[in-house]
Amino acid sequence: MAIVGTLTRADLSDALQREVGLSRADSAKLVEEILGHMCDALARGENVKISGFGTFVLRDKGQRIGRNPKTGVEVPIAPRRVLTFRASQMMRDRIVDAG
């Protein structure tokens, strides 16, 4: 299976312009506003769920001991918050059907 490319903000904006009929400027502004709302919610510690697509989930990982693979020296890994994505069942089914 070949990698086709990456979906960009410009691609989303172009799709809005074609399918909804918004101007180029309005469609770009709408994409930026949606992504901005998502980023703001995640920054506040909220999860973001898009029905039929998936959920962006924040997880807190505690401190743990890691090992430098080159030297074998143990080093502490600081606690941190990570962002994960869980695809919805509908999205998983579409991916399987497409592949």
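Ser-13 counts as buried, because its relative accessibility is 6% (buried means under 20% relative accessible area, exposed over 50%, partly exposed in between, with a 1.4 Å probe and protein chains only). The structure is a predicted model, in which local features need pLDDT of at least 70 and side-chain atom pairs count only at pLDDT 80 or more, while totals for chains, interfaces and linings use all residues. Residues are numbered from 1 along each chain as its sequence is written, and side-chain values use heavy atoms, with hydrogens and water left out.

- Ser-13 belongs to helix α1 (residues 9-20); helices (H or I, at least four residues) and strands (E, at least two) are DSSP runs, numbered from the N terminus.
- Beyond its neighbours within four places in sequence, Ser-13 is in contact (heavy atoms within 4.5 Å) with Arg-24, Ser-27, Ala-28 and Val-31.
- Ser-27 is found in helix α2 (residues 24-43) and counts as buried, at 0% relative accessibility.
- Residues up to four places away in sequence aside, Ser-27 touches Ser-13, Leu-16, Gln-17 and Leu-22.
- The side chain of Ser-27 also reaches the backbone oxygen of Arg-24, at 3.0 Å.

**Nonpolar core**

- Met-38, Ala-41, Leu-42, Val-48, Phe-56 and Leu-58 are the six residues of the largest nonpolar core, a core being a set of buried Ala, Val, Leu, Ile, Met, Phe, Trp, Tyr and Cys residues joined through side-chain atoms within 4.5 Å.
- Helix α2 and strand β2 (54-61) each supply at least two residues of this core, and α2 gives the most, with three residues.

**Surface patch**

- Ile-50, Phe-53 and Phe-85 form a nonpolar patch on the surface, with about 240 Å² of accessible area together.
- Ile-50 is placed in strand β1 (residues 48-50) and is partly exposed, with a relative accessible area of 33%.
- Patches are made of residues with over 30% relative accessible area and no salt bridge, with like charges joined within 9 Å and nonpolar side chains (Val, Leu, Ile, Met, Phe, Trp, Tyr) within 5 Å.
- A salt bridge is a side-chain nitrogen of Lys or Arg within 4 Å of a carboxyl oxygen of Asp or Glu, and accessible areas come from the Shrake-Rupley method with a 1.4 Å probe, only the protein chains shown counting as cover for residues.

**Arg-64**

- Arg-64 lies in strand β3 (residues 64-67) and is partly exposed, at 40% relative accessible area.
- Apart from neighbours within four places in sequence, Arg-64 is in contact with Val-75, Pro-76, Ile-77 and Arg-80.
- From C-alpha to C-alpha, Arg-64 and Ser-13 are 42 Å apart in space, and they are 51 residues apart in sequence.

Definitions and conventions:
Polar contact = N/O pair within 3.5 Å; in protein donor to acceptor, adjacent residues only side chain to side chain.
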